[in-house]
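I open this notebook to record what I looked up in one structure.

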Amino acid sequence: MAPRNKEQEQEVLNWIFEVLGEKVPAGQYEDILKDGVVLCKLINKLAPGSVKKIQERGTNFQLMENIQRFQAAIKKYGVPEEEIFQTADLFERRNIPQVTLCLYSLGRTTQHHPEFTGPTLGPKMAEKNVREFTEEQLRAHNAELNLQMGYNKGASQSGHGGFGNTRHM
């Protein structure tokens, strides 16, 4: 498990509450996010109507449903599945760095949504870099000997003696 990075956690909180247009509340990072309410409000701000029902209070099970609704919504929004944290990572504080990674990923993903004009989080996403080659340039490549095709200057396995034997040097 990666060590926690307090600066990143603070940056994530600042971003979330800047998007929500609210002041960052006092308290620990994981406590502010634990019940999933803030996360659901965040994805609804980025993609309105993503989470229809937010449980403001209730049993642990009901609060964990907030987190699951958030996870489903960000997956639909475009966050890669492998970067989405597990419910227990946040709710049971099992892997808080994974939660941070996931929120950074969400912050980056907003850049693919031109309708979102709010603050961004993390580095700028790479743009598409299309290259155009002439027919001549493509043909020139075919004349080169590709070393991955196994050109091996006459080396052979003769004298190896078959499977299971050691090489005699």
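The entries below treat a helix pair and then the salt bridges.

**Entry 1, basis.** I work with a predicted model, in which local features need pLDDT of at least 70 and side-chain atom pairs count only at pLDDT 80 or more, while totals for chains, interfaces and linings use all residues. Residues are numbered from 1 along each chain as its sequence is written, and side-chain values use heavy atoms, with hydrogens and water left out.

I looked up how helix 1 (residues 6-20) lies against helix 6 (residues 96-109): their axes come within 10 Å and cross at roughly 45°. Helices here are DSSP runs (H or I, at least four residues), numbered from the N terminus. Axes are lines fitted to C-alpha atoms, for helices over the stretch in contact, and angles run from 0 to 180 degrees between N-to-C directions. The two helices are therefore oblique to each other; angles under 35 degrees count as roughly parallel, over 145 as roughly antiparallel, 65 to 115 as roughly perpendicular, and the rest as oblique.

I then listed the residues in contact (heavy atoms within 4.5 Å). From helix 1 come Gln 8, Glu 9, Glu 11, Val 12, Trp 15 and Ile 16, and from helix 6 come Ile 96, Thr 100, Leu 103, Tyr 104, Leu 106 and Gly 107.

I found nine salt bridges in the structure. The term requires a side-chain nitrogen of Lys or Arg within 4 Å of a carboxyl oxygen of Asp or Glu. One of them joins the side chains of Arg 93 and Asp 31 at 2.2 Å, N to O. This pair links distant parts of the chain, 62 residues apart: Arg 93 lies in the loop between helix 5 (87-91) and helix 6, and Asp 31 lies in helix 2 (residues 29-33). Arg 93 is partly exposed at a relative accessible area of 39%, and Asp 31 is partly exposed at 39%. Buried means under 20% relative accessible area, exposed over 50%, and partly exposed in between (1.4 Å probe, protein chains only).

I noted a salt bridge between Glu 81 and Lys 75 at 3.5 Å, N to O. Glu 81 is exposed at 54%, whereas Lys 75 is partly exposed at 44%. Another salt bridge joins Glu 83 and Arg 108 at 3.1 Å, N to O. Glu 83 sits in the loop between helix 4 (60-77) and helix 5, and Arg 108 in helix 6, 25 residues apart.
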